Amino acid sequence: MASSSPPVLPISNPQAPISSTTTTTNQSQPPIATPAFRAFITRLTDSARLAFSQRRPWSKLVDQSAFTRPESLTDAASRFRKNFSYFRINYLTLLASVLAISLVTHPVSLLL
């Protein structure tokens with residue numbers, strides 16, 4: 001048996017040689033730095049700043065002197081709606097914090 005070199009596989013799409021200008025252009029810009037992505041991030045941070053600017057003081061949320069028993073079920077429902085609309089950002093912040101702590105302490109729950 002004569003030793004021969006292995007067969008050469010055909011390549012359907014040969015890659016063009018990389019020039020130094022292509023390499024420097026790709027390295028200067030991150031792959032996700034498109035104008036649409038930057039606009040999305042800008043809108044997201046602006047929305048978060050606006051939401052946190054509407055946050056109420058935590059001391060008002062836990063002020064025990066403000067707690068009284070409602071006189072009726074309709075009074076309770078009305079107070080709940082007013083309270084939720086007034087402290088909405090605080091409640092969402094608290095919910096997001098509890099979810100984040102839960103996912104950090106029990107990462108398996110992320111699969112659910």
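These questions and answers look at a predicted model of one protein chain.

Reader: How do you know how far to trust the model?
Author: The mean pLDDT of the protein chain is 76, and 71% of its residues reach 70 or more. Helix 1 (residues 20-28) has the lowest mean pLDDT among the elements, 51. Helix 4 (residues 73-86) has the highest, 90. Where pLDDT is low, the predicted coordinates should not be read in detail.

Reader: What makes D46 and R49 a salt bridge?
Author: The closest N and O atoms of D46 and R49 are 3.7 Å apart. The cut-off is within 4 Å, so the pair counts. Both residues lie in helix 2 (residues 35-53), about one turn apart.

Reader: Why is R49 called exposed?
Author: R49 has a relative accessible area of 60%. Exposed means over 50%, so R49 qualifies.

Reader: What makes R79 and D75 a salt bridge?
Author: Their N to O distance is 3.8 Å. That is within 4 Å, so the term applies. R79 and D75 are four residues apart in helix 4, about one helical turn.

Reader: Are R79 and D75 buried, partly exposed or exposed?
Author: R79 is at 30% relative accessibility and counts as partly exposed. D75, at 28%, is partly exposed too. Buried would need under 20%.

Reader: Which residues are closest to the centre of the largest pocket?
Author: The pocket holds about 390 Å³ of space. Of its 15 lining residues, A66, F67, R79, N83 and F87 are closest to the centre. Helix 4 gives the most to the lining, with six residues.

Note on methods: Residues are numbered from 1 along each chain as its sequence is written. This is a predicted model: local features need pLDDT of at least 70, side-chain atom pairs count only at pLDDT 80 or more; totals for chains, interfaces and linings use all residues. Side-chain values use heavy atoms; hydrogens and water are left out. pLDDT is the predictor's confidence in each residue, from 0 to 100. Helices (H or I, at least four residues) and strands (E, at least two) are DSSP runs, numbered from the N terminus. On a 1 Å grid over the protein atoms alone, a cavity is a set of points where a 1.4 Å probe fits but cannot get out, and a pocket is an open set with protein on both sides within 12 Å along at least five of seven lines; lining residues have an atom within 4 Å of a point. Grid points are joined across faces, edges and corners, and a volume is the space filled by probe spheres set on the points. A salt bridge is a side-chain nitrogen of Lys or Arg within 4 Å of a carboxyl oxygen of Asp or Glu. Buried means under 20% relative accessible area, exposed over 50%, partly exposed in between (1.4 Å probe, protein chains only).
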